[in-house]
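Me: I'm new to this one and would like a close look at a single part. Could you walk me through it in plain words?

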Amino acid sequence: MLAYHFDIALRSLKRNKVLTALMVLSIAVGIGACMTALTVLHVLSGDPLPGKSAELYYPQVDPQDARGMMPGNLPPEQVTLIDGMNLLRAKRADRQALMKGGAVPIQPASSTLDPFYVEARYTTADFFAMFDAPFLYGHGWTDAGDGAHARDVVITRKLDEKLFDGTDSVGRTLRIGGTTFRITGVLDAWRPNPHFYDLTTGSYDYCEQVFVPLQTALELHFDYNGSNDCWANGTGGVEGGPYPSATCAWLQFWVELDSPAKAAAYKQFLVHYSEEQRALGRFERAPNVRLPDLMQWLDHNGVVPSDVRLQAWLAFGFLLVCLVNTVGLMLAKFMRRAGELSVRRAMGAAKRTLFAQLLTESGLVGIAGGTGGLLLALFGLWLVRRRPSDYAALAHLDPAMLVVTFALALGASLLAGMFPALRACNVAPAFHLKSN
Amino acid sequence: MDILPILATLRRHKVILWLLVLEIALTCAIVCDGVFLVTQRLQRMDMPSGIAEHELLQIQQAPIAPPPDRYARAQEDLAILRQIPGVLAVGMSNQLPFGGPSSNGNVMLSPTQPHPTLSAAEYFSENLVPTFGLHLVAGRALESDDYIDADTVLKSLADGSGKGFPMPMLISQALATRLWPQQSPLGKLLWLAPKASFRVVGVVATLARANAYNTATAQYSMIIPVHMGADKDQSYLVRTRPLDRQRVLAAAVTALEHADPARVISHTRTYDEIRSDYFQDDRAMAAILVGVIAAVLLVTGMGIVGLASFWVAQRRKQIGIRRALGATRTDILRYFQTENFLIVSFGIVAGMALAYGLSLLLMAHYEIPRLPLSYLPVGAVALWVIGQLAVLGPAMRAAAVPPVVATRSV
């Protein structure tokens, strides 16, 4: 029966090529636009660490002065060096890491390469295990290395390929800003998007190539990147160093807590910590702590560019117009066949059969439109990738979105065919047979 | 043209009529709001920077190992740049209008104020007025004995002595008007921290911020005479004639590298590139919007062609009868054109209401002003034109139906 439906449907679609082409084109451009915008949105609002993100939290405490305090004020988005070190040393979480972005000059041993700057991350030992960073060779440094200001460094595969032709460089030395470091590990390709652990250096397309122990970097006065937020007379750095003063929040602190109970306990610990610091006179405000998990933190920071959301809405509006258009065209097409349908009804075909027949036709239009839409979406994403935006390179169609494309196209065309088919099946055969 | 018979006919085709009206209304709403959004973006891209854009070059460099004296190094580098033939002025700044990373300060009008009045860009800079080509509208320019080293300022703030303050500063006209409306800003004091006071000595006409996200506050800028040491976050600025830019830039890079081979020149750009980079997302968004507006009009046009063709085919016999009863070809043509005009007009009326609703929805979620009523006719005209173009083909086919059709039973 289905084969028969298909046969009739194909004949009918062929009979009026212009109308069929208009319907297919209408579905295709609607789906194409929608899928392009949805894919960009999907890629940008994705989970950077699936399976792990729910266990990662971003503790915030409020060390600001009492001046200008208002109820409901959020604590600073980063921590001060003092609070960061205190929380790090308290070791109340399963894992914890304090970090800051920066840039360092690399001086290659080979004379054929000029010195160059790379983006760097100054962090503490747990960073790699906590964020599931995959090692190609070697491993990170240890807690002891943090404390001893070890001249240890982890580099990325990209830098390893540039400097050591991709060979295992663990144990070799690397000159950074006039200091000799020992390579303890090489990270395999790893680029979480968005760059969740530090959103102050740009949310996408930011990739460190060198990881140095935080204390070592501070001791050597390596340059830092990203923002700092100061209050009172706080400024960007004195006492011989280029670092912000004690009344500036400028580092990121992350913890791993593998159960909600631990998270609740950790939040309690942050409150105790704030009270203790207030008793010591360092904090002036009542405890004001936050403990968002990774996805909440991304959401709070609105990392998805608002233009991308606007584009998705625009694409949905466009799809809606295309669908209304298709409904109208299908209605015209089906109504025109009132005569043919009446003959089939008169010869004993059930309404249900005719309905299935007409839906088969809309389904075929949907599949053709979906294929066209897919091609258009691939073209659209290619256009997006050619743009210089920081997220452009990420715009690729994944299998899930491929399935969504076809489901959307088929669903949309069946929906568009449903009403016209119902109306066409309900024709009065006698009237049409007589009038012809 | 008598429209009553047309209305009577349309009443017999309610479903298709409603679908067309709905489609036209949606299209009208998208076109009205879309055109408005495009205009907004284009206006943003035209935002003035206040500087001689086609004459400015930016060079950023970083030493491999920190020089013994960052301040002396910066002065040496500026002297080297000044000697390049074709250079009109050289300066140094921690940021540029629309230039990416920004430095901003919270402005207070008294040191004990609990909440800052506003946030404004802090241009910690040297020789900025001649290098940027800024227009001084009141007061005096900064002079060499106004400048102090950044370290001195930071130490003074850290030990709480407030030594060296109040410092002289220049502010933009927009900031002056916002802080002291109807008053002369010259000689007025403002604070960036309880111990950091500044005296306004001059006003420049326009100077945009590095992060000009918000049009209302985009021109709030302060120029502070501070010697910054040579480091990766400072920009050397070179002003030259537009035609000399590439030559001067190449000469500048060579001269700097020659002076100290152990440094990395990290960024060299003309200001035109900076502006183009900053507004690239607005440009792309405007292009996408124009594309969607065109596509949505095209789709609606195709829909009108399809449905009008259906109607013409369905009414072939009636058209034949009218022709046989004496209607001319023009009468038939006019009939379909008028019918289309009526349907599109219904759609436009609904579409304008929809456009307004959509605008309110957009306002709730994005920083977009309310849709000005003057944009509504844009959508109306676009749809009338598209409708008439789309219906022309089917209407001409209808007009070509010969009267003899009336005598045939299909």
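How many residues does the contact take from chain A and how many from chain B?

Reply: Keep in mind that this is a predicted model. The contact takes 43 residues from chain A and 44 residues from chain B. Four elements of chain A each supply at least two residues to the side that touches chain B: helix 2 (17-44), strand 2 (95-107), strand 3 (116-123) and helix 10 (306-336). Helix 10 of chain A gives the largest share of that side, with 18 residues. Sorted by class, the side of chain A that touches chain B has 22 nonpolar, 16 polar and five charged residues.

Now have a look at helix 11 of chain A, which covers residues 338-346. Ala338(A), Leu341(A), Ser342(A) and Arg345(A) are buried there. These four sit on the same side of helix 11 of chain A, because they cover an arc of only 105° around the axis. In general, an α-helix has 3.6 residues a turn, so residues three or four places apart point the same way. After helix 11 of chain A comes Gly348(A), with a positive phi near 110°.

A positive phi turns up away from glycine too: Asp132(A) has one of about 55°. You'll find Asp132(A) in the loop between helix 4 (127-130) and strand 4 (135-138) of chain A. Asp132(A) is partly exposed, as 13 other C-beta atoms lie within 10 Å. His221(A), also not a glycine, has a positive phi of about 55°, and its place is the loop between helix 7 (214-219) and strand 9 (223-224) of chain A. With 14 other C-beta atoms within 10 Å, His221(A) is partly exposed.

Technical notes:
Residues numbered from 1 in each chain as written. Chains lettered and ligands numbered in written order. Predicted model: local features only at pLDDT ≥ 70, side-chain atom pairs only at ≥ 80, totals over all residues. Buried ≥ 20, exposed ≤ 12 C-beta atoms within 10 Å, placed from the backbone. Arc of directions from axis to C-beta. Contact = placed C-beta atoms within 7 Å. Nonpolar A, V, L, I, M, F, W, Y, C, P; charged D, E, K, R; others polar.
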